[in-house]
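Trainee: I would like to learn how to read a protein model step by step. Could we go through one together, beginning with the general idea each time?

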Amino acid sequence: MRLLSRRLLWIALLAVSPWALSAQSWQQTEQEARGQTVWFNAWGGDQAVNRYLDWVSGEVRRDYGVTLKIVHLADAADAVKRIQTEAHAGRKHGGSVDLLWVNGENFRTLKEANLLQTGWAQSLPNWQYVDLQKPVLEDFSIPTDGAESPWGSAQLTFIARRSQTSQPPASPQALLDFATAHPGTVTYPRPPDFTATAFLEQLLLNLTTQPDALKRPPNDATFAAVTAPLWAYLDKLHPHLWRNGSDFPASPARMDAMLTNGTLRLSLTFNPMHASQKVASGELPADSFSFGFSEGMLGNVHFVTIPANARAVAGAQVVANFLLSPAAQQRKADPAVWGDPTVLDMNKLPTPWPATQSEKMSPVLAEPHAAWVNALEQEWLRRYGTH
């Protein structure tokens, strides 16, 4: 009888072992994380984002005993260079970056150099809520291989004011016509600003006659032919831009200010809820609204990643898991807080929460391969950077 009981117990343990081992493993991760300090390097150019991360810091300290230190970056490439420098110096442990908010280009750079922790993202408990219809398993056409945890959704978006622009341009040709009709009131940020490069990619997606070429790294033999329609378009557009295309704002934030003071009729953002958030905070006029081209606008998912030489790997995973939690995602999506769209599937949540209202947006166009970023930036600088 005792032997039978033991066998039944063993069968029961086998039946639950995958879950039990997973839960036990995560419990060990949380225990290891307690008392750790996580240095989270993140873009610091938006006060709404910074305030949200301050809230995250308080939550993970209270609930998990993790001290979260935010390093505000002007450009994530600065952290990438630091990680590369540490690797070249042989610093395989105890690195200065534990968690990094990364874009596709920088992710590719780090992943190809084997400078990232891999295989951890899909083991996070809150991964079960992720919307797998979003591009969460690749970043700029590069497989993530569990080296990145999704954090939010994004899409290139125009902003205008209804008092100035009742019929916003719905295509590149309409944008050119709009700029021609309203000279000096349209522009875009100066590359290599991230939003500026996204704008170049957007136009290239719309205008090229060889769209399939954008799914692969650019080829020296075909680059000129693939991109020719983009440069022809910009050559026509630039004379009608702010300062006749001889100067470009440093950032989307500068464009927002110029929209507010009436200098510009259009601004740009990579957050479709940006206008709602900035109207709620009083940083954009109340009649500001979002729009995109009718055929679609460039979109992606943004991620956090853990360097291979991170000092606080367990703590970084705990923070990444918290960022994926329904509570943190709901707060982040609130335009009054940040207004960054969620990466979660509403149908998977244990307790449904109402989707945050946002402007009706265009279809999402997949981003070109990450290698196009540098190629477009360099060619833009060669053509227009010295004007």
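Mentor: Helices (H or I, at least four residues) and strands (E, at least two) are DSSP runs, numbered from the N terminus, and by that reading the protein has twelve helices and eleven strands. This is a predicted model, in which local features need pLDDT of at least 70 and side-chain atom pairs count only at pLDDT 80 or more, while totals for chains, interfaces and linings use all residues. Residues are numbered from 1 along each chain as its sequence is written, and side-chain values use heavy atoms, with hydrogens and water left out.

Trainee: What does the radius of gyration of the protein agree with?

Mentor: This radius is taken over C-alpha atoms, and the globule rule is 2.2 Å times the number of residues to the power 0.38. Because a compact globule of 387 residues would have a value near 21 Å, the 23 Å of the protein agrees with that rule. Along the principal axes, the C-alpha atoms fill a box of roughly 90 × 45 × 35 Å.

Trainee: Which domains is the protein divided into?

Mentor: Domain bounds come from an automatic or database domain assignment, and here they give domain 1 (33–152 + 301–357) and domain 2 (157–299 + 367–384). The C-alpha centres of these two domains lie 27 Å apart.

Trainee: How many residues of domain 1 are in contact with domain 2?

Mentor: Contact means heavy atoms within 4.5 Å, and by this rule 19 residues of domain 1 touch 18 residues of domain 2.
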